[in-house]
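Below are some questions and answers on side-chain pairings in one protein chain. Please look over the structure before reading on.

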Amino acid sequence: MRAARIHGWNAAPVIDVLAEPVRRPGETLVRIDAATVGHLDVTVATGEFALRPPLPYVPGVEGSATVLESDVFAPGTQVIFRDGAMGLDRDGTWRERAAVPDDALLPLTIRLDPGVAATFFVPTTTAYVALHDVGGLRAGQTVLISGATGAVGSMAVQIARAAGADVIALVSRAARLAELPEGVAGVALDDKDAVAKLAAERPADLLLDTIGGSGLGERIGWVRFGGKVACLGYTAGTEFTIDLPTWFFTDVAILPVNLLSREERAREVALELLPKIADGTIRVEVAEFPLDRTAEALERLKAGRVRGRAVIRF
């Protein structure tokens, strides 16, 4: 069995041949069809994350698979991984087959393309929970979405529009405005005049921020008095500063979005949205790489050169 493994922190993955997995009681043997290459995988591979798998390890916290042997699921059932620990403190999904606990798998009631199945869960459920459960979004409100062409951001744009909200999509540079869906108002963060207008008008009831970084303090200033900010990403940096007197005065709530503590809710949302994902009402964009190009997928993700979500296809 082939797998992509990390042998040292901040090192590129290496394709290794491993022993075939052996199913034990309470486990299901699966063939992995697609494995996601995500930002959490990048973070874990630095060795600086709270959970550090023993080296060498197989990354991959998400993926889709087909059941081969199980006491719970029928052979041929399409499943996705919802272990919460795979790729974090134990081997993950960047391998051809795996034996995993039965309760680590979520069977899909509607079959999806393997790449879509591997990637839809986190961005779609994160966007939905951030907008509705954390942000309390209502029809007619205005929501700012940073990183609007990224994995979570693009889902948030679609879900917010479906909820009847007015969306202002924030992108890093003007060239990315063309990547937004038709009819979505966009603002490039390198457009000084457009940014100044946001600061002057404070148009948003809710800011869904997927990028973090030092600019978050400025973006909070684009939310109207009494509004909310739902924070769920840090691709632009892990720290920001805020002027406390101004923050107290504007009464803007800054709220974290932690899907690890909302797994049960995320599963509910995923199954509710599954028909819309299957029929393309909610569009999931995927960039596929073969296993022997895993290192390239990881580097392209780090450099921000992946449109949609990167997956390894087996």
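Q: How many salt bridges does the structure hold?
A: This is a predicted model. A pair is counted when a side-chain nitrogen of Lys or Arg lies within 4 Å of a carboxyl oxygen of Asp or Glu. The number of salt bridges in the structure is 23.

Q: Which residue meets Glu69 in a salt bridge, N to O?
A: Glu69 lies in strand 4, and its partner is in the loop between strand 2 and strand 3 (27-37), 46 residues apart. The N to O distance is 3.7 Å, and the cut-off is 4 Å. The partner is Arg23.

Q: Is Glu69 buried, partly exposed or exposed?
A: Buried means under 20% relative accessible area and exposed means over 50%. Glu69 has a relative accessible area of 41%, so the class is partly exposed.

Q: How many residues apart in sequence are the parts that Arg309 and Glu62 tie together?
A: Arg309 forms a salt bridge with Glu62, with 2.9 Å between the closest N and O atoms. Arg309 is in strand 15, whereas Glu62 is in the loop between helix 1 and strand 4, so the parts tied together are separated in sequence by 247 residues.

Q: Is Glu62 buried or exposed?
A: The limit for buried is under 20% relative accessible area. Because its relative accessibility is 6%, Glu62 counts as buried.

Q: Which residues are linked with Arg2 in a network of salt bridges?
A: This network contains Arg2 itself. Linked with Arg2 are Glu20, Glu96 and Arg97.

Q: Is the aromatic pair of Trp9 and Tyr57 stacked, edge-to-face or tilted?
A: The structure holds four aromatic pairs. For Trp9 and Tyr57 the centres are 6.0 Å apart and the planes are at 40°. Planes under 30 degrees apart count as stacked and over 60 as edge-to-face, so the rest are tilted. The pair of Trp9 and Tyr57 is tilted.

Q: What is the angle between the planes of Phe120 and Phe121?
A: Phe120 is buried at 1% relative accessible area, and Phe121 is buried at 3%. Their rings form an edge-to-face pair, 6.3 Å centre to centre, and the angle between the planes is 65°.

Technical notes:
Residues are numbered from 1 along each chain as its sequence is written. This is a predicted model: local features need pLDDT of at least 70, side-chain atom pairs count only at pLDDT 80 or more; totals for chains, interfaces and linings use all residues. Side-chain values use heavy atoms; hydrogens and water are left out. Rings of Phe, Tyr and Trp (its six-membered ring) pair if their centres lie within 6.5 Å; planes under 30 degrees apart count as stacked, over 60 as edge-to-face and the rest as tilted. Buried means under 20% relative accessible area, exposed over 50%, partly exposed in between (1.4 Å probe, protein chains only). Helices (H or I, at least four residues) and strands (E, at least two) are DSSP runs, numbered from the N terminus.
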